[in-house]
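Colleague: Please show me the chain, and then we can go through it by question and answer.

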Amino acid sequence: VKLLVSDNVLCLVLHNGLIYRIDLNNPEKVDRLSVFDSQNGLMNGDSGASYQSDTYVTNAFLDPKGYHLFVITSKNQVYYSNSQSKQIKNLSKFKGLSINKICFINEYVTMNNTGSILMSTDNGLIYETIVSFNKEYFQKQENFLKQVYKTRENILDISYCSRTTDSKVDGLQIMVVLGNGRMTNFTTAVSNYSNSLSLIHI
């Protein structure tokens, strides 16, 4: 489905949910992950031999530094994996959202934290969220998902343009490419992620 490369990290994400992650600085070491495992009854995580024909990977996104991988399925489920872990987590808060693009703000991204990211959907919505990873445990503690934009048009792409800041709030100007060929932009105030309590902790 997707071959993603960011900052010497390569992720090959296959239709059947298998993921191969390779550090190109250490290519002999390959991490193998499975989106669908025996616990959800969709695929055997060991063999990777079977999965429900109507449930498969449709898209995947990797941040510019190669730390945070998001995988989207045909059932509109969102899975997350951090480069420090060989596990992958279902982000149940996002279930049902038809996510088609993820916009990372590179200056916010750290190894353990995505910073504020924007996700657009097929039905013209854009959401802000933050995912924070703690390698000492791998569980969801708190959900944060905020709608920041809505349009009647299909959204083809979103990108970060510029930033204005003060002591409390970052203002992000976001460019949106719409299905009718038109481009527009909007500004959203994003709380400082390092001080925010409204995170998805993994």
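Modeller: This is a predicted model, in which local features need pLDDT of at least 70 and side-chain atom pairs count only at pLDDT 80 or more, while totals for chains, interfaces and linings use all residues. Residues are numbered from 1 along each chain as its sequence is written, and side-chain values use heavy atoms, with hydrogens and water left out.

Colleague: How many residues does the largest nonpolar core have?

Modeller: A nonpolar core is a set of buried Ala, Val, Leu, Ile, Met, Phe, Trp, Tyr and Cys residues joined through side-chain atoms within 4.5 Å. Buried means under 20% relative accessible area, with exposed over 50% and partly exposed in between (1.4 Å probe, protein chains only). Phe70, Val78 and Phe104 are among those with the most contacts inside the largest core, and its residues number 18.

Colleague: Which element gives the largest share of this core?

Modeller: Strands here are DSSP runs (E, at least two residues), numbered from the N terminus, as are helices (H or I, at least four). Those giving two or more residues to this core are β6, β7, β9 (99-104), β10 (117-121) and β11 (125-129). The largest share, three residues, is from β9.

Colleague: Why is strand β6 largely enclosed by the rest of the structure?

Modeller: His68, Phe70 and Ile72 point one way from β6, and Leu69, Val71 and Thr73 point the other way. Strand β6 (residues 68-73) is largely enclosed because its buried residues are six of the six.

Colleague: Which residue of β6 is the bridge partner of Ala60?

Modeller: Two strands pair if DSSP finds at least two bridges between them. Strand β5 (residues 57-62) pairs with β6 in the antiparallel sense over five bridges. The partner of Ala60 there is Val71.
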